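Q: Could you take a close look at the aromatic rings here and walk me through how they pair up? I'd like one connected account.

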Amino acid sequence: MIGQFLSRQFLVFLVTGGLAAAVNFGSRIVYNQWMGFSSAVVLAYLTGMVTAFVLARIFVFTDSSQSVQRSVFWFVVVNIIAVAQTWVISMLLAFSLLPAMGVTYFVPEIAHAAGVMIPVFSSYLGHKYWTFKSSPTGDN
């Protein structure tokens, strides 16, 4: 299992995911000007998700045998799980843990950044074996 995360493919996934996370994080700040934190986190996640799909399809999982429609379906499934992880961690940190620790500056930013980082590993495996699988057996 650890070998999955010591590959060139995972490194490229991290880089493209980092770019998508930056889009996610930055867009949350913009969206937060017009809506509450909770809604902004979800909308920002969707913005980052579109970015991540395009980058993953082009640069990470180049040998995918999935149709675009099937890839989109599984991408959404994997990201529904990931957005739930992101939202739970962000809310828990922003409204419980960080205030309890006495953190008063950049609470939404810290909470959201941590929330975005959590699903990296589960998302990689989901995308590798479901979203962009390269053969019927899922061997990529």
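A: Here is a walk through the aromatic pairs, with a stop at a serine at the end. Keep in mind that this is a predicted model.

Searching the whole structure turns up 16 aromatic pairs. Take Phe 53 and Phe 75: their rings sit edge-to-face, 5.1 Å centre to centre, with 85 degrees between the planes. Phe 53 belongs to helix α2 (residues 37–60) and Phe 75 to helix α3 (residues 68–100), so this pair ties together parts that are 22 residues apart in sequence. As for burial, both Phe 53 and Phe 75 are buried.

Now for the tryptophans. Trp 74 and Trp 130 make a tilted pair, at 5.5 Å centre to centre and 40 degrees between the planes. This one links distant parts of the chain, with Trp 74 in helix α3 and Trp 130 in helix α5, 56 residues apart. Trp 74 counts as partly exposed because its relative accessibility is 22%, and the cut-off for buried is under 20%. Trp 130 is partly exposed too, with a relative accessible area of 42%.

Back to the phenylalanines: Phe 53 and Phe 75 are both members of one aromatic cluster, whose other members are Phe 5, Phe 10, Phe 13, Phe 61, Phe 121, Tyr 124 and Phe 132.

Leaving out residues up to four places away in sequence, Ser 123 touches Phe 13, Val 78 and Ala 82. Ser 123 sits in helix α5 (residues 120–131), and it is buried, with a relative accessible area of 9%.

Key:
Residues numbered from 1 in each chain as written. Predicted model: local features only at pLDDT ≥ 70, side-chain atom pairs only at ≥ 80, totals over all residues. Heavy atoms only, no water. Helix = DSSP H or I, 4+ residues; strand = E, 2+ residues; numbered from the N terminus. Buried < 20%, exposed > 50% of the residue type's maximum accessible area, 1.4 Å probe, protein only. Contact = heavy atoms within 4.5 Å. Phe/Tyr/Trp six-rings, centres within 6.5 Å; stacked < 30°, edge-to-face > 60°.
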